[in-house]
Each structure stands twice: as C-alpha cells, then as structure tokens.
Amino acid sequence: MSSPSDATAHDAHPHEHPSYVQHHFDTAAQQYDTAKLGMWVFIATEILMFGGLFVAYALMKAREPDVFIAGHHYLNKEMGALNTVVLLFSSLTAALAVRSSQLGKRNETSAWLVTTILCACVFLVVKYFEYSHKIEEGLLPGRYFGHPFFDMSAAPAFHEALPSRANMFFGLYFIMTGLHGLHVLIGMGILSWVLLRNIRGEFSAEYFTAVDLGALYWHLVDLVWIYLFPLLYLIG
Amino acid sequence: MSTHDEATLNTNYLTATKGWKSWAFTLDHKRIGLMYLVFVLAAFLAGGIFALLVRTELMSHGPTIVSGPTYNKLFTLHGAIMVFLFIIPSIPASLGNFILPIQLGAKDVAFPKLNLLSFYVYLCGATLTLLSIAHGSVDTGWTFYTPYSLQDPEAATKVLYMTLGVFVLGFSSILTGLNFLVSIHKLRAPGLTWTRLPLFIWGMYATSIMQVLATPVLAITLLMLVFERVFGLGIFDPKLGGDPILFQHFFWFYSHPAVYIMIVPGMAVVSELFATFSRRVIFGYFAVAMSSLGLALVGFIVWAHHMFTSGMSEFANMLFSALTFLVAIPSGVKVFNWTATLYKGSISFAPPMLYALAFLFLFTIGGLTGLFLGTLNTDIHLHDTYFVVAHFHYVMMGGTVIGFIGGLLYWWPKMTGKMYHFGGATVGAWLTFIGFNVTFLSQFVLGSRGMPRRYYDYLPEFESLHRVSTFGAYILASGLFTTAGVLIHSLAKGRAAGRNPWGSVALEWKTQTPPVFQNFEQTPIITKGPYDYHLASDEELVEDLYAPDAAE
C-alpha cells in the first residue's frame, strides 16, 4: 500500500505502551506535551473570554468614572483582600501538589490538593457573604438595583449617594465575579477529580499530567482574580 | 488505552465495530466527521429551504406568500442557520475531522473525547436554536444587533434560546479548533515537517487559530446580551444608557474573523483540488501557506468595516477602511498562485475540479466587489443594499460552499468507499454554477441601484431583477439537489472506489478505501512534499477509480 519512496517504517508499536499512554500517541512524552499544549490553548480562550468583560469594563469606566468610584465604595475591601490572599496561597499549594506528584510522593500530593480545594471553599464562603450582603442591600444589577432580594415591590431604596447608573457598575460586578466564581467551582471539580485519581494511585513520577494541568487551570483562576480585585475594589 | 485488538484496528472503520453505541460513543475522528457531515448537511437543507422561501416572497412586488413579520423571521433563520449551524462547522468539523488526522499520518486527533464532546455540544446548540423556532422564532437578523434584540418584550424567550444556542455552538467550534491546533503541532508523522504539510492542513491551522481566539469573545458578548435582556444591565441598551455600537464592535470582533473561519477552509480544500487535478505542485506553496496565516492575522484588525454607517468617528472609519485593503494581499496571493498552478498543468475536469474552478471564478468576483465596500465613500452608497448581499454570498456560498461541495466530491470515495456517477455530478456542478451567478449577479445590479437589503417589499422598478434572481435561486437549488441525488445514489448503487481514484500523491490516498480504523496499518514516514508529482513513481500516479474486485 505504500510506495518505495514513502517506505513505511518499522512496526507502529516499536515498544510496548505503558498503560497510561493512549493508543494514538507514540510515547508518553508526546502525550504529555500534547495535553499541556491543549491546556495552554484552552487558557488562551479563557483569557479572550474574560477579555471581553475587561474591555466592557474599561470602556464604561473611561466614560463614567464617577459611577465606578461611587459604586466601589460599597464593595467590602477587607473581604476582597482576604479572598486574594486565600487564592494566592491556594496557587502555591497547587504548585506544591505538582511538585510532590513529580517526585512520586502520593500522600503529600493528596494533602496539597486537599489544601487547595479547602482554600477554594473558603473563597466561595467569603463570596457568599459578600453576595448575600449585596442582595439584602439591593445593590443589584440593572433594573433590580435598589430592590432588596430582587423584590420589585420593596421600597426603592436609600442609596441617595449613588448615581442611578451604579446599576451598571453592580451589573458588571456580578457578571465578572460571577463568571470567575463559576470558574472557581469548575476548578474545584477538576481538582477533586485529580485528587480522586491520585488516591486511586493512577499517578507516578512518570505520569502526573492531570495534576499538572489541573494546577495550570487553577493558576488561571487565580490570575483572573488578581485583576478583578484591584479593578473592582481598589479604584478609589 | 485502546480497547480494540490489532485486527479490529486494521479493519475498515465503517465495519470495524457494530451497533448504534459504536457510533454514538465512538472516539474515531472518521465516524465523528461523518456524523457531523450528516447534521451540517441537514442544516444546509433547512437554511436552503428558508432561502427559497425568502426568494419566492421577493419574486413579486407586494405581498407574495408570507406576511412582513414572517419574512423577517425567514431571513433571520436563513442567516443564523447557514452561518452558525452550517458554514462554520461545515468544512472543519466534517471534512476536516475526517481528513486532517489522515493527512497528518496520525491515528486520531489529539483529544478524541473532546472531539466527540464537540459533536454533542453542537447538537445541544442546534436543539436550543430549534427551540427558539418552536417558540415563534426571532426577527433580529443573524447579527442580533441591539436594540432589535432587546426592544420587543414578547420576544424574550425566543431571543434567549437563540442567543444561548449560538453561545453553545461556539464551544463546539472552539473544541474543534483546539483539537486541530494541537494535533497539527504534536501528531505529525515522522518526516512530516511544516513545509511538507498539505495546504489543507495549513488552512485548518489558520482557521483553528481564529476559532480559538475569536469565538470566546462571541461567547462573552452573547452572555452580556442575555444579562442585558434579563437584568437590564445598561451596557448595550441605549434606553438604559448603554452603547449599541459597543455591541456591534464586540459582535464583529468575532464575526469578521468568523468570515475567515468560513472562507479559509474553502481555500484550503481547493488548494488540494488544484494540485491533484493539475498534476502539479502548488505554485508558490509557501506563499499560499503563509497567506492563510496572513488572513487569520488581518481578519482580527478589520472588523469595524461592517460599521462605517453606524456612527463611528471619522478617524476610526478611515483607519478601518485602510486596514481592510490589506485583505487583498493574501487573497491575491492565493488566487494568482492557483492560476499559476493551472498553467502548463495536466488538467482533468473531474467533478471536484469543476468546483475548484468555479471557486476561483466566484471568489475572485466576491473578493473584488469587497474592495467597493471597503472603500469608505462607495460603501456609504452601497451599505445595507443588495450589493452587500451579493458580495458576501459570492464569498460565503461561491467560495466556502462551493469549496465544501468540491471537497465532499473529492473525498467522498475515501469516506464512503463508493464512487458516484460523474455525468450526474457534472450536471449538478454546472446547474449550481449557472444558478448561482443568475441569482447573485442580478443582486449586484439591484444593490447598486439602491435596493436595500432585508426589506419585505420594494419599488416596482426592481421587480424584473428580483424575478431573475428568484429564478436563479431555483436553478441553483436544482443543481444542489442533483448533486445530493448523485451522492445518495452512489451510497446505494455506486461501485466500490479504488484506493486512489484521482491518482493523487497526497498521503490520504495511500491508505485503504475506506480507511482502516487506525488510518494506517503502519505509521507512514514522509519523505517528500504533498504535491511532488515530479518526484512520484508511476505506481503512485495510477488512477484506480474503482476497486479491482468490484463487480458491476
């Protein structure tokens, strides 16, 4: 089936595949590089997606700076700062999980992964308190602005200090932090799955791709927050 | 971690495993490509029927078959279905999925599970779009411009279904692009260097870059539109202090690259066709390869040429007009190099080649009329007229769809193992070509005389040309149905195709017809370029149209 000039090679399987190498890869190294490039490309798409929100933010902020300044005073800087510290720490523990996985230290890897997931929980709990406070106060997006608990019959409220366009600021606040929060949730799911596989003993010093990629994704989640925090909480 | 034994892996992929589950849960790129093919062709049929209804309504001045509001829904559905459900996935997801790994000498794409996921995500997106139709359908045009997509309180559910459908379809497109990009980087067979890559792969590479970088922006735009609709965000809605032009910027930041996501695969296909049916190396191979990347790059910096009359600043208008002319460079490189490939080539007029030649002719018209629209002052006159409609149909249909059908006819024997009737396919090609030109040449004239696009009715003096255009559409439809009939007939009655029916030296023709489950029994080693006819042995160039043992 092949011509002399395209002489086909030696056997397609020159050596036995280790069990973790999928059929369509020749070597473990090829599989690892492929997975890693795939994750980087995926991270590029995520950045482009958040990028759209940042552009909307930048444009609106440039046009209506007063609205943003007035609105941001109602965000809780302490909670935001706490969450920033928590996420930064979780990125460190995620990196340590990769390191211990590379060294083949299974129990240590599990411990770091659990720490990372716990940090993510702390982040979401803090976020929950922030959100419920906003909902109680009626600091809500768009037409729900000034209506505590989304209740349109509730008295349109007390924020005389806020310009009416602050509804747009809180809309952006909820979309940006909400989409980020969704990514935290997805990240927790990914890391839990990686943890499960680690406990099952699927990883070794030779094969730790999923730990590496899970951590890479987690760093993206962290990175987005590093931009969100100052842009939303610290613009005054 | 393949669960299949060697014997299964070296059996015809269509019969290697059996049962509906072996299709529904397949990770084989060839089967996923075929499943995509079935659904994109169904979308093409649906979009085509809407087109015929639109053209029939426009046949006569005054109401003809439907009411004005229905007409608005018809053209919206025609546009949305054709763009999001048919043309964008057409070549990459169906032909690309099938051929790209084989051309790479690989056993599959980099992430087979993501590939299957992308197919099901596509089905979910299509279902959401259908739900929007079931709820009465939208009339915003395929662009969902604000405030059209915001102002009608009755339309909330349908607009949400439609935008969510397109949002979901975007993820399918991203996953395909990601898979191809990584496959091309990491799964090339030994010896398949970047300069030995077929131009189809180069085109898919450029397309994937655009899919991966532009589609997320559409996703976030549609998400913001949904929020605008549900919460009254005040970012896009002018009534609430938002900026509708911002929506247009966001939308075209995706949708202009999307135009190249559509046309570059068409160019990628015809590059293969010109080489095979001229028996020549593609003239200026490297320039053609780079021009695909050039289009991907330029595609990201010209989006606002869709908005010259929207109320941007004079400076922005001039800047985007000037940048738009850059598009002519990579497009020109391709057209001239294809023409030079034909020169002194040993040309055969097999049905796929007819489509390649039609592409050359139609894309050139589509491209040159683009210059009228990129020029600021003529665009002010021609904007939102039938001239624009004709221009982008020459590129989208005359380019991409013609390229798609050409590619389908070219790889059909490899995909299905059956050869179709040449006479029927040739008649189909000519009817399509003639019908297409009758339909859309008349629209250039209509547009330059001032006929606005998307209007339900028109002045009596436009009637004769509208009638010509409608009859052209009927001829076009007859050509497409002829081709469809020829292909369906081949499935039932066609003779078994040979390994290399076109006598091509490209890699995908060196494996069995249809290919085995793992594409090649042994990983091929590549020692020369994909179009090196001058280096080929006689044995390689033999055209075996039919399999030797195929009894008539």
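In this predicted model, Glu463(B) and Arg467(B) form a salt bridge whose closest N and O atoms are 3.7 Å apart. The two residues sit four places apart in helix α17 of chain B, about one turn of the helix. Over all chains, the count comes to twelve salt bridges.

**Helix α17 of chain B**

- Glu463(B) is partly exposed, with a relative accessible area of 24%.
- Arg467(B) is also partly exposed, at 33% relative accessibility.
- Thr483(B) belongs to helix α17 as well, which covers residues 463-493.
- Thr483(B) counts as buried because its relative accessibility is 4%, under the 20% cut-off.
- Beyond its neighbours within four places in sequence, Thr483(B) touches Tyr355(B), Ile405(B), Leu409(B), Gly428(B), Ala429(B) and Thr432(B).

**Other salt bridges within a chain**

- Lys510(B) and Glu540(B) pair through their side chains in a salt bridge, at 3.2 Å from N to O.
- This pair links distant parts of the chain, 30 residues apart: Lys510(B) is in the loop between β2 (495-496) and α18 (538-541), and Glu540(B) is in helix α18.
- Both partners are buried, Lys510(B) at 8% relative accessibility and Glu540(B) with a relative accessible area of 6%.
- In chain A, Glu202(A) forms a salt bridge with Arg200(A), with the closest N and O atoms 2.8 Å apart.
- Glu202(A) is partly exposed at 32%, whereas Arg200(A) is exposed at 56%.
- Arg197(A), Arg200(A) and Glu202(A) are linked in a network of salt bridges.

**Contact between chain A and chain B**

- The contact involves 50 residues of chain A and 57 residues of chain B.
- The two chains bury about 4,300 Å² between them, and 67% of that is on carbon and sulfur atoms.
- One salt bridge is found across the interface; it joins the side chains of Asp243(B) and Arg63(A), at 2.8 Å from N to O.
- Ten residue pairs are in polar contact between the chains.
- Helices α1 (28-63) and α5 (166-199) of chain A each supply at least two residues of the side that touches chain B.
- The largest share of that side of chain A, 19 residues, comes from α1(A).
- By type, the residues on that side of chain A divide into 27 nonpolar, 17 polar and six charged.

**Confidence in chain A**

- Chain A has an average pLDDT of 90, and 92% of its residues score at least 70.
- Over residues 1-14 of chain A, pLDDT stays under 50.
- Where pLDDT is low, the predicted coordinates should not be read in detail.

Key. Residues numbered from 1 in each chain as written. Chains lettered and ligands numbered in written order. Predicted model: local features only at pLDDT ≥ 70, side-chain atom pairs only at ≥ 80, totals over all residues. Heavy atoms only, no water. Contact = heavy atoms within 4.5 Å. Buried area = accessible area lost by both parts, 1.4 Å probe. Salt bridge = Lys/Arg side-chain N within 4 Å of Asp/Glu carboxyl O. Polar contact = N/O pair within 3.5 Å; in protein donor to acceptor, adjacent residues only side chain to side chain. Nonpolar A, V, L, I, M, F, W, Y, C, P; charged D, E, K, R; others polar. pLDDT = per-residue confidence, 0-100. Buried < 20%, exposed > 50% of the residue type's maximum accessible area, 1.4 Å probe, protein only.
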